[in-house]
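Reader: I'd like to go through this one with you and ask where the labels come from. Can you show me the structure?

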Amino acid sequence: MPQRLELLPRARRAVAAAAGLLAAVLLAGCATTPPPAARLGLKLAPQALGESISVQQHLRVERNGRSDELDVALEVDAAHIELVGLALGQRVLSLSYDGKDMKTWRHLMLPAQVKAEDVLEDVQLTLWPAAALRAALPAGWQIEEGAQRRTLSLNGETIMRIEYSAPQRWMGTVVLENLRYKYRLTIESAPAEEGQP
């Protein structure tokens with residue numbers, strides 16, 4: 001019985017850490033008013049990825065000397081996007097999107113400002129082909145892609161740089177640097193093992 005009571009605070013700390021990570025990624029929480037056009041409103045169809053993938057990811061966000069981590073299981077096929085976020089093995093966020101309808105679940109301890117649409121947008125900015133993103137970007141936004149590097153800019157100002165360690169965007173290590181909100185997101189991906197979510 002004492003062991004079970006000891007696990008509860010640990011689980012709460014895990015959820016709190018995941019909440020901090022997601023808040024850092026999605027909100028880039030700062031004391032000042034965020035600049036305009038913080039999000040692009042992207043919701044690309046699953047088939048626009050052009051491939052089916054099933055990967056396990058380890059996310060690390062670094063901001064203001066702090067580092068937070070989260071594990072993610074991501075599956076995409078022509079009909080669906082399924083994403084599950086885990087902290088110490090406990091689910092803290094899930095998202096399902098078929099190109100029209102989005103279903104989400106999140107742990108009660110996640111901040112209200114953490115939005116599934118923002119999670120989907122970050123996934124798509126990182127993984128979807130540049131041509132598909134370019135066709136969906138709002139006015140003033142541009143995307144450029146070179147050898148294992150992607151840059152997003154707004155009216156000529158670089159907002160985000162994404163670097164890939166492998167030719168396939170969903171393999172190896174991806175480093176997303178957000179210059180506007182001053183954070184770095186590192187995503188380490190590997191193929192999902194059989195029987196894993």
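Author: Here are the labels, each set against its rule.
This is a predicted model, where local features need pLDDT of at least 70, side-chain atom pairs count only at pLDDT 80 or more, and totals for chains, interfaces and linings use all residues. Residues are numbered from 1 along each chain as its sequence is written, and side-chain values use heavy atoms, with hydrogens and water left out.

Reader: What makes Glu62 and Arg60 a salt bridge?
Author: The rule asks for a side-chain nitrogen of Lys or Arg within 4 Å of a carboxyl oxygen of Asp or Glu. In this pair the closest N and O atoms are 3.9 Å apart, so the pair passes. By that rule there are four salt bridges in total.

Reader: Which strands does the Glu177–Arg161 pair link?
Author: Glu177 is in strand β9 (residues 172-178) and Arg161 in strand β8, 16 residues apart. Their side chains meet in a salt bridge at 3.8 Å, N to O.

Reader: What makes β3 and β4 a pair?
Author: Two strands pair if DSSP finds at least two bridges between them. Seven bridges join β3 (residues 81-87) to β4 (residues 90-97), running antiparallel, so the pair qualifies. Ala87 stands opposite Gln90 in β4.

Reader: Why do β5 and β6 count as edges?
Author: The open sheet has ten strands in the order β5-β4-β3-β2-β1-β10-β9-β8-β7-β6, with antiparallel pairing. β5 (102-106) and β6 (141-146) each have a single partner strand, so one side of each is left without a neighbour in the sheet.

Reader: What puts the charge of Arg91 over the ring of Trp105?
Author: The rule wants NZ of Lys or CZ of Arg within 6 Å of the ring centre and within 35 degrees of the ring normal. The charged end of Arg91 sits over the Trp105 ring, 4.0 Å from its centre.

Methods:
Helix = DSSP H or I, 4+ residues; strand = E, 2+ residues; numbered from the N terminus.
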